[in-house]
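This briefing covers domains, a sheet with its helices, and a ligand site. Please read it alongside the model.

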Amino acid sequence: MSSEQAAPLLRIEDLHVSVGERDILRGVDLTIEEGETHVLLGPNGGGKSTLLNTIVGIPGYRVTQGRIVFKGVDLAGLEIDERARLGIGIAFQRPPAVRGVRLRQMLEVAARSELTPDTVADLDETLSLGHMLDRDVNMGFSGGEAKRSEMAQLLAQMPDLALFDEPESGVDLDNIAVVGGAMNSLLKGEERISERRRAGLIITHTGHILEFVNADVGHVLYNGRLACKGNPLDLIEEISSHGYDKCVECALCQTFA
Amino acid sequence: MSDVRLSPGAEARLTEIRAAAEAAVDKPAALGPDIDITRFRTVSEADTIASLDSLERQVKETVLLSGFTADETERSASYFQMDRTPIYERVQKAFDDAIEIMSTEEALKLYGEEMLEKYWWRAVDPGKDKYTAIVALHQTEGYFIRIKAGRKVEKPIQACLFVSESDVSQNVHNVIIVEDGAEANVITGCNIHTDVKEGLHAGISEFYVGRGAKLTFTMVHNWAEDFSVRPRTGIVVEEDGVYINNYVLLKPVKSIQAFPVAKLVGDRSTAVFNSIVYGLKDSVIDLGSETQLIGEGTRSEAVARTVSMDRSTVYSRGRLIGRTNTCKAHLDCRGIVQSAESTQWAIPDLASEGAPGAELSHEAAISPIAAEEIYYLMTRGLPKDEAVSMITRGFVSIDIPGLPDVLRKQIDKAIEETSKEAM
Ligand SMILES: Nc1ncnc2c1ncn2[C@@H]1O[C@H](COP(=O)(O)OP(=O)(O)O)[C@@H](O)[C@H]1O
Ligand SMILES: [Mg+2]
């Protein structure tokens with residue numbers, strides 16, 4: 001490695017975020033390099049989705065301290081769409097239904113008018129979109145359909161940093177495999193490891209998705225901060241046997257507290 | 001009409017119509033702002049044309065926005081009225097024996113007795129208000145379209161009523177007859193020349209849908225900021241007949257007030273009203289429909305989508321009257337108000353008259369586009385204004401089952417044009 005290291009893809013420094021009157025995040029530090037896949041664990045209501053929503057720039061998630069730097073650009077003041085065009089993409093846990101806007105149109109938007117019939121056919125094949133393509137997006141979609149639709153949109157967008165909010169929640173095993181396969185191809189592509197560039201941040205409760213996607217690092221969001229970091233599978237194992245309270249104290253992790 | 005010899009009965013009917021109209025000349029309409037109609041003179045004569053191609057370029061472009069095309073290969077028949085003159089009437093060869101198209105004054109000359117007995121002021125009351133009165137007393141033509149029994153005409157029939165001068169009133173009376181088992185798609189555009197400022201269009205339309213017949217009537221209105229519009233429409237549907245009304249208003253208007261009434265007299269007959277309304281600038285828009293469910297097993301649905309901007313006021317009404325135990329009908333009106341200076345009313349109205357079994361329901365909502373939907377589109381890289389426009393277009397592009405492709409494209413195109421202008 002050269003001594004003059006390139007700036008990381010994403011650098012979050014001492015991030016404090018409030019929603020309404022409540023302080024949800026209280027000093028999150030996180031660095032994601034190109035090509036890395038990170039996992040975000042933590043108790044319900046701990047602020048995992050808040051972190052993702054703050055990165056994409058959803059209004060209402062107020063940064064009160066600290067900063068988020070993506071590709072060397074401070075994201076403060078950038079609109080959601082500007083961040084998206086800079087290379088940040090997200091698969092929502094529960095995306096909203098939009099009456100009158102079809103999934104096909106969402107794919108066109110995400111692909112920035114570079115959507116070829118071949119790409120649509122490929123997405124249809126990998127994610128079995130079928131009749132969903134011409135339905136109003138998320139309108140009456142089943143759990144699995146909504147996740148596949150989110151993945152299709154991310155694959156059309158091909159962001160440099162993909163954020164996944166509980167990609168396996170409310171989804172049966174068959175669909176997890178399909179969604180996981182899509183995540184894998186987005187994050188790892190066909191490229192050789194040395195050339196991997198796209199990065200991911202995955203929120204998961206169960207860790208099932210990690211049977212399909214290789215993650216490099218896991219973090220536990222606890223009390224508004226990333227309390228510890230370690231091998232994602234080890235962390236999940238530890239949490240499932242001892243709970244979050246014990247996990248953040250355990251020796252497996254490199255703690256920051 | 002003076003040169004037509006009529007039976008005493010028909011003459012008596014004409015006298016009756018005239019008397020009813022005369023009694024109503026000063027009668028304001030129940031709804032909508034009142035208009036001083038004495039300010040307007042009636043529209044003038046115009047020269048007839050040999051082909052639609054010879055229409056002025058600007059006229060052609062204007063009418064195209066309401067679905068009227070000079071290229072007749074996509075149409076089965078055409079009627080074009082300029083001011084008070086039917087300047088062009090033609091049925092395409094292939095449909096020669098299926099469709100009749102002419103002005104209503106010509107139809108009265110040809111079929112006076114039949115018209116007066118069955119179709120002339122039978123679905124609309126000439127004494128309803130001063131707008132029906134002005135048409136009854138000072139009519140300036142209008143179209144007559146008849147589709148012969150059993151003939152299913154897929155290619156649309158097009159009719160255009162055009163006003164080219166200011167300070168006039170165009171008082172048309174239209175009749176469409178779809179005989180038993182026949183089917184037709186009629187696209188009508190009402191347009192005015194880009195130079196026209198003030199004026200009035202009073203239009204009576206009487207539609208008769210026979211047994212097992214089907215009429216899809218699509219109207220795209222294209223008026224201007226100082227123009228007033230008062231259509232009065234009555235529809236009668238016989239056994240197993242289907243009436244589908246698609247209405248689109250995407251341009252400013254001074255005021256428009258219309259409340260077509262469909263009478264489902266035949267058993268198992270159906271009426272569907274779909275409307276897409278944009279309130280722009282200072283427009284005062286008061287639109288709705290009434291369906292009377294009279295025959296056994298009658299059905300009706302009314303779907304309205306309203307977007308209001310600027311300083312517009314929009315009333316979106318819908319009335320269902322159930323008069324039989326086996327009827328079923330639903331209203332669905334949704335609106336988005338996009339300006340703090342705009343007002344919208346959604347007024348659904350249901351009545352069951354001596355019909356305890358009637359199933360009538362409605363959904364009415366006025367609400368903004370949900371912020372989370374806008375954010376959702378933005379996360380895919382779409383700027384906020386484009387996201388709002390895309391969602392708005394989605395909101396108004398209601399799925400109209402059975403809408404012929406040409407009409408769908410026409411409406412999409414009109415919506416597209418409007419949202420481009422609104423940007
Ligand atoms: N849009 C919002 N409005 C109000 N409260 C919110 C909103 N988003 C998150 N919160 C609150 O912030 C806290 C963290 O929630 P969240 O980030 O969804 O947690 P997690 O994803 O870890 O389960 C919760 O108490 C939740 O109620
Ligand atoms: Mg969450």
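Domain bounds here come from an automatic or database domain assignment. On that basis chain B is divided into domain 1, residues 8-258, and domain 2, residues 369-423. The C-alpha centres of these two domains of chain B lie 30 Å apart. The model is predicted.

**Sheet in chain B**
- An open sheet of 10 strands has the order E3-E2-E6-E8-E10-E12-E15-E18-E20-E22 in chain B, with mixed pairing.
- Strands E3 (85-91) and E22 (359-366) of chain B are at the edges; each has a single partner strand, so one side of each has no neighbour in the sheet.
- On average, neighbouring strands of this sheet are turned by 5 degrees against each other, direction ignored.
- Strands E6 (157-163) and E8 (183-192) of chain B run parallel and are joined by seven bridges.
- Ala159(B) is opposite Thr188(B) in E8(B).

**Helices across strands of chain B**
- Helix H2 (57-64) of chain B lies across E2 (77-82), E6, E8 and E10 (214-222), at about 120 degrees to E6(B).
- Helix H6 (384-396) of chain B lies across E15 (270-279), E18 (299-308) and E20 (328-337), at about 160 degrees to E18(B).

**Ligand 1 and chain A**
- The residues surrounding ligand 1 include Val19(A), Pro43(A), Lys48(A) and Tyr61(A).
- Oxygen atoms of ligand 1 lie 3.1 Å from a side-chain N or O atom of Arg22(A), 3.0 Å from a polar backbone atom of Gly47(A) and 2.5 Å from a polar side-chain atom of Thr50(A).
- Ligand 1 alone exposes 550 Å², of which the protein buries 62%.
- Strand E2 (22-32) and helix H1 (48-56) of chain A each give two or more residues to the shell around ligand 1; H1(A) gives the largest share, three residues.

Key:
Residues numbered from 1 in each chain as written. Chains lettered and ligands numbered in written order. Predicted model: local features only at pLDDT ≥ 70, side-chain atom pairs only at ≥ 80, totals over all residues. Heavy atoms only, no water. Pairing = 2+ DSSP bridges. Helix = DSSP H or I, 4+ residues; strand = E, 2+ residues; numbered from the N terminus. Axes fitted to C-alpha atoms, helices over the stretch in contact; angles between N-to-C directions. Contact = heavy atoms within 4.5 Å. Near = heavy atom within 4 Å. Polar contact = N/O pair within 3.5 Å; in protein donor to acceptor, adjacent residues only side chain to side chain. Areas by Shrake-Rupley, 256 points an atom, 1.4 Å probe, with all protein chains shown as cover.
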